[in-house]
Amino acid sequence: MAEITCMCEHKFTADIPAEVDIGAAPALLEEISDGSFMNVTCPACGTVLKPEFRVHITNSRTGWDIDFIPELERREYLKHIPAADPSSVRRTVIGYPELVEKIACFKDGLSDQVVEYLKYFIFSKVFDTTENDEKDVTVYYYEKRGTDLVYHIHGLKEDEVALFKIADSTYKKALKDINTHMEEEPFNEFLIPPYVSLSRLSSWSDL
């Protein structure tokens, strides 16, 4: 049980699981994708709240193993990232958007390391063509569409999401070559488990 305080200042408890198995409860996939996972309703005012609590997400059918960490704990987690294990299948995600992205990546049968590797080049391209390098730009893998990998780019224009497509042939080439780049900078800074994420790079200047 978790204690939650609503914006109306009413305090209540909610049943937030510490661990879920998507393999045993497939409906959770849709809840994560549509943003309703962990949502709770305030019994006093009826407001739907979207709290974030640590949850261990597994899939007994596919072997997915994901530790979800709330965005508010990002800085503290990055200070104490566990020792790297390149062969580990266990992953960490921080904040809800990263959870949605990781689930989409795994659901589409993709390597999250290759997805992040390709994201690096998308970010580099955006950085090269953006006049204001202080823009708060984020890039997330969204879906497999036909033979393309589709990424969403947020922050280039207010209230707009840009699309960036990468051909499946490019993904397959990167999948073949990625092991030769794992120990190279800057890839060794964000491709090693458990936290496989380009957001481990501290700033635009790292790209």
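**Exercise 1.** Find which residues of H1 meet which residues of H3 in this predicted model.

*Solution.* Start with the names: helices (H or I, at least four residues) and strands (E, at least two) are DSSP runs, numbered from the N terminus. Contact means heavy atoms within 4.5 Å. From H1, Leu29, Glu31, Ile32 and Ser33 take part, and they meet Tyr96, Leu99, Val100, Ile103 and Lys107 of H3. Next, sort these contact residues: six are nonpolar, one is polar and two are charged. Here Ala, Val, Leu, Ile, Met, Phe, Trp, Tyr, Cys and Pro count as nonpolar, Asp, Glu, Lys and Arg as charged, and the others, Gly among them, as polar.

A word on the model: residues are numbered from 1 along each chain as its sequence is written, and side-chain values use heavy atoms, with hydrogens and water left out. Because the model is predicted, local features need pLDDT of at least 70 and side-chain atom pairs count only at pLDDT 80 or more, while totals for chains, interfaces and linings use all residues.

**Exercise 2.** Describe the order and pairing of the four-strand sheet.

*Solution.* Two strands pair if DSSP finds at least two bridges between them. The sheet is open, its order is S3-S6-S7-S8, and its pairing is mixed. Now look at the edges: S3 (19-21) and S8 (91-94) each have a single partner strand, so one side of each lacks a neighbour in the sheet.

**Exercise 3.** Work out how S7 is joined to S8.

*Solution.* S7 (residues 65-69) and S8 run parallel, with four bridges joining them.
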